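User: I have a chain open here and would like to go through it with you. Can we take it piece by piece?
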Amino acid sequence: MKKSASALVLLLFLSIFMVSLSQIGVVKGQDSSVFIRADGSVEGTDKIQVDGNYYSFIGDIEITTFGYGIFVEKDNIVIDGLGHTLEGNEGNNGINLNERSGVTIKNINFSNCWCGIANFGNNCTIEGNWINGGNIGIQLKVADNSTIIGNELLDNFVDVYLIDSYDNNITGNSIGRLVWSMWMQLSPGDNYFYGNYWETYEGIDDNGDGFGDTPFKIYWVDFGDRNLTCYDNNPLMKPIIVPEFPSWTTIYIRSDGSVEGTDKIQRDGDVYTFISDISGSIVVEKNDIVIDGAGFTLQGTGADNSKGIYVEYRSNITIRNLQIKDFDFGIRFLEASNNTITGNHITRTNFKEDLGIDFGILLGGSSKNSIIGNNITNYELGIGASGSDNNTISENTITNNLRGLDLISSENNTVSGNHIANNIGGIALENMYNSIVENTITNNSNFGIHLYAAGYNNIIGNNITNNGRGILVSICYNNVIHHNNFVNNTNHVETDDSNGIWDNGEEGNYWDNYTGIDNDGDGIGDTPYVIAESNQDNYPLMNWFAIELPPQIMSFEEALEFYSKQKYRLWNSGFQGIGDFEGEPFVTADGLVIGYLCWYAGNGSIYEAVYPSGEVKGEMLRLRSALPSEAYYVWELIFMDASRAWVDARNGDILDITPARFLGTLSRQAALRVINASQQTVEEWDVQKYERTKGADPLDEPTGERMLWRAANGSLYEFYYPIPDYKAKEVLRIQVSNDTEEYIMWEITTETETYYIDARNGIIRLIISNDELSSQHQIYQFPSEAIIGIAAIIIIVIVVATFTLKKRFSKIKATA
């Protein structure tokens, strides 16, 4: 009772103190305080970078004076700590929101603050912060419709404190307590609690779904006439861990060629090559350079308006072979011309749904650029161009975005050979004189192509299949549309106040729902395909128009390079062998890795394919679990220990990994490849003695192989692969002066030579010609015990013989 009373007194004091502190917070211009002013300016620190309404920490901030902190006077902004620390002095609020609205606070490590965040506003979001070891973690006072999500709140006196606050959402946080986890005063029961981790929850999880089977009771203390209780009906059994934020930086490639902000980019003349993954953005200030990612990752934070690579007023820049992740703009060009973006994989971890905010690649006022062979996923707009003319966008894979490609107020652009699939919208076009040719546009739920206020564009030779609407045409004129295949769209064409040219005067498009006939057998329907008023195909094709699209296949070497950099998997499936590969595999120069190009058919079947043509042959494997329905090329890589990996041949994603039975041990097939490798690694022993034990002759067959266990003393024992048996007989002893380790070896005998190969790495330790081996004198080693035994027997025989002879001589002598 005394402990509860003491705690109540402390909470009353805390309430009074917080009211006083909130009044202090409106005083402006005091030393050691930081202000984000209503006009957007920042006062009191140089460690907050401003980009529009986005305020990013670029270093830790320390508040040394009692009662001070960061005071926010502007609405509708984001304050992103990017993992940096806001250090208090035990007597101040970290961040004060006084009558603010629409403020987001995220990714800040609050340390040593009386109150981490004091929110006296509405519609605010507090997300992904670490607030530990203070008096109050988060306080909401007269704060409605705010969200507290994904924060780590532990070891505070009170983790979350609500005063007269309504309709707030408190979800997915880790909440501990020293006295109370949650303190609520004068707040009604319609705040929403769901799926938080409560350090003091004592329930169980019988069904293993990660949520407690009984609600967690959240105590209410109301100083009015009510005494209420509410619950988190789905308490988490394990804490939410807010991950450590990567070290963040902005990197500059300066106009003089120097690199600032990282040592992970190596310069060789005008080529800038990544030598490791980087967390940060790159700003390019130099013309005529190549940025080569070498398969490494440029990692973003997901922050609003963040840019992976930013190029403004620059030309002749190539950006290639880079994994770009979690930026609002993967690559952004502004008034940049004659540049190339090729072979990159650009993606976001989390898909956002406020259209127009994020782009994989964005061209603004940029012309004569080439965007070729990139993979772009999980953006609102995969590729966007505004006021940008004469660009080439070819052979890209653009999938799982809100819209794949937008061309707005842009002319004379060519969009060809792209795979645009599984987006909500495929291609949106608004302007004139562009060409959309020979693309695969499929499985886009709303539309394949949308023409809006567009004229004199060419839409030719595309596969437009399985979309909601194949082509949506709104307020358009004189667009030329022919030799396309319209198959299995919900509606092939939808028009609104538009007219189009749907054939070239001789041939039109293929429509899978055309019901006309072809009496003369010329492959052209005898009657038009009517689309709408002022829109008809006068020469509909009777058969699918064959479009030869170049397969998007990276090389075996590129697949290996991507494998060495990536760590994620998508399939997670076992496999069943169906047939053998007919073609010759690709093999690394050292013989340790082989690769087969395959075609994944989208139904679990994997077929052999030919590189680089992409020709598909017989079925080889069948994956066991349900997988995505998309079809594409993959590389099957088989490593020295027979482990396997499947790598997406479009972008380098690791799709699945099958481990070996003995990881890191050279398989028989790999050992044989090492013998025939073009670049053998030979580090021969300094052999002092080579001898075979009795009965351990060379392999019975003229050629063959066996696995051996090598002991530290040079003895080699038969080793039954892949089932180890260390009790097998000794077959060899090879004494060397430069190797006393124990490991597994392969003995491989060819028609002319015998090889001894280190099974850990494929290094050849000894090569002996078979002629030399057959002339070797075998020395039969006898254990010392056997020698002693034989000697004893000989002695006994001699003694017995001597005794017998002596006895006979005695008899003879007696007779005589």
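User: Is arginine 469 buried or exposed, and why does it count that way?
Analyst: This is a predicted model. In it, arginine 469 counts as buried because its relative accessibility is 19%, and the cut-off for buried is under 20%.

User: Where is arginine 469 found?
Analyst: Arginine 469 is in strand 54, which covers residues 469-474.

User: What does the side chain of arginine 469 meet in a salt bridge?
Analyst: The partner is glutamate 494, at 3.0 Å from N to O. The pair links distant parts of the chain, 25 residues apart, with glutamate 494 in strand 57 (residues 491-496).

User: And glutamate 494, how does that count for accessibility?
Analyst: Glutamate 494 counts as partly exposed, because its relative accessibility is 31%.

User: How far is the C-alpha of arginine 469 from that of asparagine 488?
Analyst: The two C-alpha atoms are separated by 9.7 Å, and the residues are 19 apart along the chain.

User: How many salt bridges are there by this rule?
Analyst: The count comes to 18 salt bridges. One of them joins the side chains of aspartate 328 and arginine 348, at 2.6 Å from N to O. These two are 20 residues apart and sit in distant parts of the chain: aspartate 328 in the loop between strand 35 (323-325) and strand 36, arginine 348 in the loop between strand 38 (345-347) and strand 39.

User: Are aspartate 328 and arginine 348 buried or exposed?
Analyst: Both aspartate 328 and arginine 348 are buried.

User: What does arginine 760 form a salt bridge with?
Analyst: Arginine 760 pairs with aspartate 758, and the closest N and O atoms are 2.7 Å apart. Salt bridges with shared partners join Glu683, Glu741, Asp758, Arg760 and Arg765 into one network.

User: Why does aspartate 758 count as buried?
Analyst: Aspartate 758 counts as buried because its relative accessibility is 0%. Arginine 760, at 33%, counts as partly exposed.

User: Changing topic to strands. Which strands pair with strand 36?
Analyst: Strand 33 (residues 307-312) pairs with strand 36 (residues 329-334) in the parallel sense, over five bridges. Strand 39 (residues 359-364) also pairs with strand 36, again parallel and over five bridges.

User: Which residues stand opposite each other there?
Analyst: Tyrosine 310 stands opposite arginine 332 in strand 36.

User: What about strand 26, in what sense does it pair with strand 30?
Analyst: Strand 26 (residues 249-253) and strand 30 (residues 278-284) pair in the parallel sense over five bridges. The bridge partner of threonine 249 in strand 30 is glycine 280.

User: And strand 26 with strand 27, parallel or antiparallel?
Analyst: Antiparallel, with two bridges joining strand 26 to strand 27 (residues 259-260). Isoleucine 253 stands opposite valine 259 in strand 27. The hairpin of these two strands has five residues between them, and glycine 257 in that hairpin takes a positive phi near 95 degrees.

User: What is phi for asparagine 378?
Analyst: Asparagine 378 has a positive phi of about 70 degrees, although it is not a glycine. Most residues other than glycine have a negative phi. Asparagine 378 lies in the loop between strand 41 (375-377) and strand 42 (381-386), and at 18% relative accessibility it counts as buried.

User: And histidine 483, what is its phi?
Analyst: Phi of histidine 483 is positive too, near 55 degrees. Histidine 483 is in the loop between strand 55 (477-482) and strand 56 (485-487), and it counts as buried because its relative accessibility is 8%.

User: Now the surface. Which residues form the nonpolar patch?
Analyst: Tyr433, Tyr456 and Tyr477 form a nonpolar patch with about 300 Å² of accessible area together. Tyrosine 433 is in the loop between strand 48 (425-430) and strand 49 (435-437), and at 40% relative accessibility it counts as partly exposed.

User: Which residues gather in the patch of negative charge?
Analyst: Glu506, Glu507, Asp520, Asp522 and Asp526 gather in that patch on the surface. Glutamate 506 lies in the loop between strand 58 (499-501) and strand 59 (510-511), and counts as exposed because its relative accessibility is 61%.

Technical notes:
Residues are numbered from 1 along each chain as its sequence is written. This is a predicted model: local features need pLDDT of at least 70, side-chain atom pairs count only at pLDDT 80 or more; totals for chains, interfaces and linings use all residues. Side-chain values use heavy atoms; hydrogens and water are left out. Patches are made of residues with over 30% relative accessible area and no salt bridge: like charges are joined within 9 Å, nonpolar side chains (Val, Leu, Ile, Met, Phe, Trp, Tyr) within 5 Å. Accessible areas come from the Shrake-Rupley method with a 1.4 Å probe; for residues, only the protein chains shown count as cover. A salt bridge is a side-chain nitrogen of Lys or Arg within 4 Å of a carboxyl oxygen of Asp or Glu. Lys and Arg count as positive and Asp and Glu as negative; His and the chain ends are not counted. The place of a charge is taken as NZ of Lys, CZ of Arg, CG of Asp or CD of Glu. Helices (H or I, at least four residues) and strands (E, at least two) are DSSP runs, numbered from the N terminus. Buried means under 20% relative accessible area, exposed over 50%, partly exposed in between (1.4 Å probe, protein chains only). Two strands pair if DSSP finds at least two bridges between them.
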